[in-house]
Amino acid sequence: MDNKRLILAVALSVLILLGFELIMPKLNHQQVRQQASQATQATPPLQAPKPVIDTGSNGSSPVAVPSPRSQAKPDARLPIEAARVKGSLDLTGAKLDDLVLRDYRETLNANSPLVRVLEPGSDPQPNKVQLGWSAPPGSDIKLPDSTTRWTADGRALSADQPVTLSWNNGAGLTFQLVFSVDRDFMFAVTQRVQNATGKPVSLYPWSRVSRSYTPEVTGGYLVHEGPIAVINGHLEERSYKSLEKDSAANGGVAWSAEQPSGTQHGWAGITDKYWLTAIIPPAATVQTGSYRYVPNSGAGTYQIDFIAASPTVIAPGASSSSVTHVFAGAKEVHLLDGYMDRLHITDFWKAVDFGWFAFLTKPIFFVLDWLNNRLGNFGLALLAFTLLVKTLFFPLATKSFRSMSKMKLLSPKMTAVRERFKDDPMQMNKEMMALYKTEGVNPASGCLPMLVQIPVFWCLYKDLYVTIEMRQAPFFGWIRDLSVPDPTNIFNLFGALPFDPTAISPMLHLGIWPIVLGATMFMQQRMNPPPPDPTQAKLFQIMPVIFTFVLARQPAGLVIYYCWNNTLTVAQQWLIMRSTKLGGGVGGKRAARPVRS
């Protein structure tokens, strides 16, 4: 029976380690979708016209794809030159569709291309932002569309120089889009209409993010990638596949909800693991946010849009304006928090997928970030954080390790009890309980340090995996990126042999730090009381090997944390074992009682 229980415990431990990253985020997404579905059911039917749908195809459509940047006329694009972004605005259609980040490269190579977050329609990964107006059904107002050629009042857009794009419809309406950009990743776009028609005009301002390709999702269930929104206080996350399925089933609209007017801004967009393109509509008016998918001859177009729930009425000789913010850049945690406070954007930090345990994961990130700013290295910050956690839980761990040390010293007596009562399990259990009570040993206390460590382990895992601050963060030596696995591999003699063992099997990846981890786990195992049963002992002996291979493909920062944590644990256990004796606690002032027969 003991063997069966042990085998079950070992199997459950491995399943928890491998499956926790899949099960918990999946449940989280299901709960969020259920909440959002309830919110959607309470939303009244849309009265406003739908925003213009981006078909992502060429032709006579009002959303025709622009010419490639390389073939565009010099005056067809307006350069963007800001502190942390650069690119251009397409004056045909007033599209924000060309943007790269100055501070981030695709790989660690110094000559690697800068990360691109927006890309024109004829390039491999079309991704853009547009703003416009819709007219009430039956209206014959001539409106700007994706073929409209706008006129700019400046030569470039920068943090110090906003640019106004203008277009006159020839019937008394002048449309303007005033673009400005801050010194990070936030654009402000003022939609302005001047009415010289001599009669009132009703219009619905709208904005949208559209992506006309299906990206490779890298995070699985561990991090959300795809459509994301916080509308009316509800987080709504969808996958690309669910967007296609739900749009087909619901007449082209996969999901929609209303953002009430007030002081708080809702927001929606498309997120990647580290990058986000999102629109933050005006808070002064009720806005309807929607997810859509439009099939075409290619990958189709994923669209996230906002439209005013009621029209803006512009009196003769008057003008109207509204401001929409557009975020296109890196999901830096402090930056998102800053925008949330300054612009009153509801839960903007949730663009970073901290998961169910955000109440713990996010504070741990702030501690690591604070330590990194003072130590200058995220790897050192991980080591210092581990030391802080060990210090915080030192009394609990000390009590637990004392009990474990006594268990180890008690092993011969436990073996004697098992041998004496091997044919009477009930009596054997009674004698074992009596022995534990006599010696002041709690056999379950050894689990306490592990129970404390699991939440911290998981939160560190999330922080290493989802925060851009950890991306390409170096340690020392060959570890140039703590967020990816140790690049060395014992199966090609750490690079001495010119082949990649992982091409044969992903399991054939075992770097230096995972090997060190296995050694520390073996040392820690030797400090614990050995199982009296030979089968149990063999199972415990192979556990370090199993965990070494399992963790070999995890972020190097996590493995380094585990190595350091195990080393501190071994040192603490060794000190406690030196001062622990049976029958007398520390110092051993009384002899151990004999085992009853």
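Me: Why is Phe494 called partly exposed?
Reply: Its relative accessibility is 41%. Buried means under 20% and exposed over 50%, so at 41% Phe494 counts as partly exposed. Bear in mind that this is a predicted model.

Me: Where does Phe494 sit, then?
Reply: Phe494 is in the loop between helix H9 (448–466) and helix H10 (512–527). One more thing about Phe494: its phi is positive, about 55°, although it is not a glycine.

Me: What makes Asp347 buried, partly exposed or exposed?
Reply: Asp347 has a relative accessible area of 23%. The buried class needs a value under 20% and the exposed class one over 50%, so Asp347 at 23% is partly exposed. Asp347 lies in a loop too, between helix H3 (333–343) and helix H4 (358–375). Asp347 has a positive phi of about 50° and is not a glycine.

Me: Why is Ser158 called buried?
Reply: For Ser158 the relative accessibility is 19%. Buried means under 20%, so Ser158 counts as buried. You'll find Ser158 in the loop between strand E6 (151–152) and strand E7 (163–168).

Me: Which residues does Ser158 touch, leaving out those up to four places away in sequence?
Reply: Those are Glu81 and Val181. A contact here means heavy atoms within 4.5 Å.

Me: How do you know whether Lys245 is buried or exposed?
Reply: Check its relative accessible area, which is 63%. Exposed means over 50%, so Lys245 is exposed. Lys245 belongs to helix H2, residues 240–249.

Me: How far apart are Lys245 and Tyr293?
Reply: In sequence, 48 residues separate them. In space, Lys245 and Tyr293 are 8.7 Å apart, going from C-alpha to C-alpha.

Me: What about cysteines: why do Cys459 and Cys563 get the class they get?
Reply: Cys459 has a relative accessibility of 1%, and Cys563 has 3%. The cut-off for buried is under 20%, so Cys459 counts as buried, and so does Cys563.

Me: How many disulfides are there in the whole structure?
Reply: A search of the whole structure finds zero. To count as a disulfide, a pair of cysteine sulfur atoms has to lie within 2.5 Å. With zero found, no pair in this model is listed as one.

Me: Now the second largest pocket: what volume does it have, and which residues lie nearest its centre?
Reply: Its volume is about 610 Å³. The second largest pocket has 24 lining residues, and Arg116, Gln125, Tyr213, Asp272 and Trp275 lie nearest its centre. Strand E4 (114–118) and strand E15 (275–280) are the elements that give two or more residues to this lining. The largest share, four residues, comes from E4.

Me: What classes of residue make up the lining of the second largest pocket?
Reply: The lining has eleven nonpolar, four polar and nine charged residues. Trp counts as nonpolar and Arg as charged.

Me: And what does the chain look like overall?
Reply: There are twelve helices and 21 strands in the chain. The chain has 597 residues, and 51% of them count as buried. Among contacts with a separation of 6 or more, 67% are between residues 24 or more positions apart. The accessible surface of the chain is about 27600 Å², and 59% of that belongs to carbon and sulfur atoms.

Methods:
Residues numbered from 1 in each chain as written. Predicted model: local features only at pLDDT ≥ 70, side-chain atom pairs only at ≥ 80, totals over all residues. Heavy atoms only, no water. 1 Å grid on protein atoms, 1.4 Å probe; cavity = no way out; pocket = protein on both sides within 12 Å on 5 of 7 lines; lining within 4 Å. Points joined across faces, edges and corners; volume = space filled by probe spheres on them. Buried < 20%, exposed > 50% of the residue type's maximum accessible area, 1.4 Å probe, protein only. Areas by Shrake-Rupley, 256 points an atom, 1.4 Å probe, with all protein chains shown as cover.
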